[in-house]
Amino acid sequence: MKYKIVMLFLASGLIFSCSKGDDNKETETEQNAIVGEWQITELQINDQTASDIAKFGKQILDDLTEKECIILTFNFKSDLTVTSVNSANHLDINATPTGLDVPCPTEFDTETSTYTYDGSVLTTIDENGQTILLDVTVNGDIMTVDASDLDIENFNDEGQLIFKKK
């Protein structure tokens, strides 16, 4: 089960926003909306229909967010590069008599890629050369990523990952 939770965070680490050149001012605004540093803060799921794995992932992310731990951050730059800082591979999940103990990770993996973003679809290339397309909505300082686009077993149609702009 720990593996599947880690896979959720790893797959979300593949998310790289996009920005597409266009002379239209509206498109320029959409492109610029994603520029900046974004930190994951929440997994929104339907508690009535979500799998136990999704609920477990949400519980872990909620706990780490409450502790102000950095789990996944994206820094989208105007030069169409994005850097991800991801600590999912370094999570230490422990069951205790009083519940889960998940200390803040101290190690991170960093990856840089290019991206495009058209205001609704984020396109990037992962480390294997595969193109990744994600439905992304930016509304002010909140970025929402459709978790079903991550194509992770037991997380399809499970909800949305929420990022907050720093």
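Phe163 is buried, with a relative accessible area of 0%, where buried means under 20% relative accessible area, exposed over 50% and partly exposed in between, computed with a 1.4 Å probe on protein chains only. The structure is a predicted model, in which local features need pLDDT of at least 70 and side-chain atom pairs count only at pLDDT 80 or more, while totals for chains, interfaces and linings use all residues. Residues are numbered from 1 along each chain as its sequence is written, and side-chain values use heavy atoms, with hydrogens and water left out.

**Overall architecture**

- The protein chain contains three helices and 10 strands, both taken as DSSP runs numbered from the N terminus (helices are H or I with at least four residues, strands are E with at least two).
- Read from the N terminus on, the order of elements in the protein chain is α-α-β-α-β-β-β-β-β-β-β-β-β.
- Of the 166 residues of the protein chain, 41% count as buried, and the chain exposes about 8600 Å², of which carbon and sulfur atoms supply 45%; accessible areas come from the Shrake-Rupley method with a 1.4 Å probe, and for residues only the protein chains shown count as cover.
- Among contacts between residues at least 6 apart in sequence, 61% join residues at least 24 apart, a contact being heavy atoms within 4.5 Å.

**Aromatic pairs**

- The structure holds three aromatic pairs, defined for rings of Phe, Tyr and Trp (its six-membered ring) whose centres lie within 6.5 Å, with planes under 30 degrees apart counted as stacked, over 60 as edge-to-face and the rest as tilted.
- One of these pairs joins Phe74 and Phe163, whose ring centres are 5.5 Å apart with the planes at 50 degrees, so the pair is tilted.
- Because Phe74 lies in strand β2 (residues 72-76) and Phe163 in strand β10 (residues 159-165), this pair ties together parts that are 89 residues apart in sequence, and both Phe74 and Phe163 are buried.
- Phe76 and Tyr115 make an edge-to-face aromatic pair, at 5.2 Å centre to centre and 75 degrees between the planes.
- Since Phe76 lies in strand β2 and Tyr115 in strand β6 (residues 109-117), that pair ties together parts 39 residues apart in sequence; Phe76 counts as buried at 1% relative accessibility, and Tyr115 is buried with a relative accessible area of 3%.
- Phe74, Phe76, Tyr115 and Phe163 form one aromatic cluster.

**Disulfide**

- The count comes to one disulfide, the term being used for a pair of cysteine sulfur atoms within 2.5 Å.
- Cys69 and Cys104 form this disulfide, with their sulfur atoms 1.7 Å apart, and the link is left-handed, with -65 degrees about the S-S bond.
- The pair links distant parts of the chain, 35 residues apart, with Cys69 in the loop between α3 (52-66) and β2 and Cys104 in the loop between β5 (99-101) and β6.
- Cys69 counts as buried at 4% relative accessibility, whereas Cys104, at 34% relative accessibility, counts as partly exposed.

**Surroundings of Asn86**

- Asn86 is placed in strand β3 (residues 81-86) and counts as buried at 6% relative accessibility.
- A polar atom of the Asn86 side chain lies 2.8 Å from the backbone nitrogen of Ala88.

How values were computed. Polar contact = N/O pair within 3.5 Å; in protein donor to acceptor, adjacent residues only side chain to side chain.
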